Amino acid sequence: MNIKWDAAKYTSDFSFVHQYGNSVIDLIDADKNSTVLDLGCGNGALSKNLYDAGYIVKGIDASKELLDIARKDYPDIEFIQADATNFSLQEPVDIVFSNAVFHWIDKERQRDMLKCVYNVLKENGQFVFEFGGYGNNQLIHKALAEVFSEHKYTYIMPFYFPTISEYSTLLENAGFKVVYAILFDRPTELKGENGLKDWINMFVKTPFDAIENKDERETIIDKAVDKLKGVLYRGDIWYADYVRIRMKAIRI
């Protein structure tokens, strides 16, 4: 999925993405100075945390806009622009780490991505990651689908949210042994009075490609937000109904 990011707004208003990723780092069990690839590193915030933890880090991301920020803010880390489904490295790494990335990759391209990860990992290397799992943002996508239908459009789900069983099978077929897996709810606080609308504008892009009229797009978002106010707006704070899948696998 090719997304042009508002990198500055992503960095300033959606910092929870990388902040929640800090606990994923705790799944890594390796000596300091081990080599880590941060796959889908975005603005580099988690790459920096890995670097500060003593690892030798490289970051890969497809977004030039986000990598521009990463390179500016963290000049001691090497950042590479590449597609997660089609990349390679000159030297294999001990660990591949990823946070909040794989749900952006179409189901049909997951095998390509996993093959790339397998090929860049050393034998017995660790693959540690988290992304949107089964049921992620279900309330938000349901409300959007309902309003799309009211306006005579079809809402096409732009993300891939698998079950543990489904993703474990993909990993095993790619040559990994799954050693840890959990699916959990994580209601996530959004920033500001327009938190949910801003979230939709930032992250739900491709379904709106079919709607040429900008005003109609705004109307659809406003209607969906209104539908969700009774369930996702609590104590003057908007929340997104996140469900995450967190896993660790070993290259065998």
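Biologist: So a salt bridge is a side-chain nitrogen of Lys or Arg within 4 Å of a carboxyl oxygen of Asp or Glu. How many salt bridges does the structure hold?

Modeller: It holds 15 salt bridges. This is a predicted model, where local features need pLDDT of at least 70, side-chain atom pairs count only at pLDDT 80 or more, and totals for chains, interfaces and linings use all residues. Residues are numbered from 1 along each chain as its sequence is written, and side-chain values use heavy atoms, without hydrogens or water.

Biologist: Which residue pairs with Lys48?

Modeller: Asp52 does. The closest N and O atoms of the Lys48 and Asp52 pair are 2.8 Å apart.

Biologist: Where do Lys48 and Asp52 lie?

Modeller: Both are in helix α3, residues 45-52. Lys48 and Asp52 are 4 residues apart, about one turn of the helix. Helices are DSSP runs (H or I, at least four residues), strands too (E, at least two), numbered from the N terminus.

Biologist: Which residues of α3 are buried?

Modeller: Ala45, Leu46, Ser47 and Leu50. Just after α3 comes Gly54, with a positive phi of about 105 degrees.

Biologist: Back to pairs. What does Lys72 meet in a salt bridge?

Modeller: Its partner is Asp73, at 4.0 Å from N to O. Lys72 is exposed, with 68% relative accessibility. Asp73 is partly exposed, at 38%.

Biologist: And what joins Lys142 to Glu146?

Modeller: A salt bridge of 2.7 Å, N to O. Lys142 and Glu146 both sit in helix α6, residues 138-150. They are 4 residues apart there, about one turn of the helix. Glu146 is partly exposed, at 30% relative accessibility.

Biologist: New topic, helix packing. At what angle do α5 and α7 pack?

Modeller: About 50 degrees, with their axes 10 Å apart. Helix α5 is residues 110-120, and helix α7 is residues 164-173. That angle makes α5 oblique to α7. Angles under 35 degrees count as roughly parallel, over 145 as roughly antiparallel, 65 to 115 as roughly perpendicular and the rest as oblique.

Biologist: Which residues meet between α5 and α7?

Modeller: From α5, Gln110, Arg111, Met113 and Leu114. From α7, Tyr167, Leu170 and Leu171. Contact means heavy atoms within 4.5 Å.

Biologist: Which residues of α5 are buried?

Modeller: Gln110, Met113, Leu114, Cys116, Val117, Tyr118 and Val120.

Biologist: What do the buried residues of α5 pack against?

Modeller: They pack against α7 and several strands. Those are β1 (35-39), β4 (93-99), β5 (121-132), β6 (176-189) and β8 (237-251).

Biologist: And how do α8 and α9 pack?

Modeller: At an angle of about 130 degrees, with their axes 10 Å apart. Helix α8 covers residues 195-203, and helix α9 covers residues 214-232. So α8 and α9 are oblique to each other. Axes are lines fitted to C-alpha atoms, for helices over the stretch in contact, with angles from 0 to 180 degrees between N-to-C directions.

Biologist: Which residues meet there, between α8 and α9?

Modeller: Leu196, Lys197, Ile200 and Asn201 come from α8. Glu218, Ile221, Asp222, Val225 and Leu228 come from α9.

Technical notes: Buried < 20%, exposed > 50% of the residue type's maximum accessible area, 1.4 Å probe, protein only.
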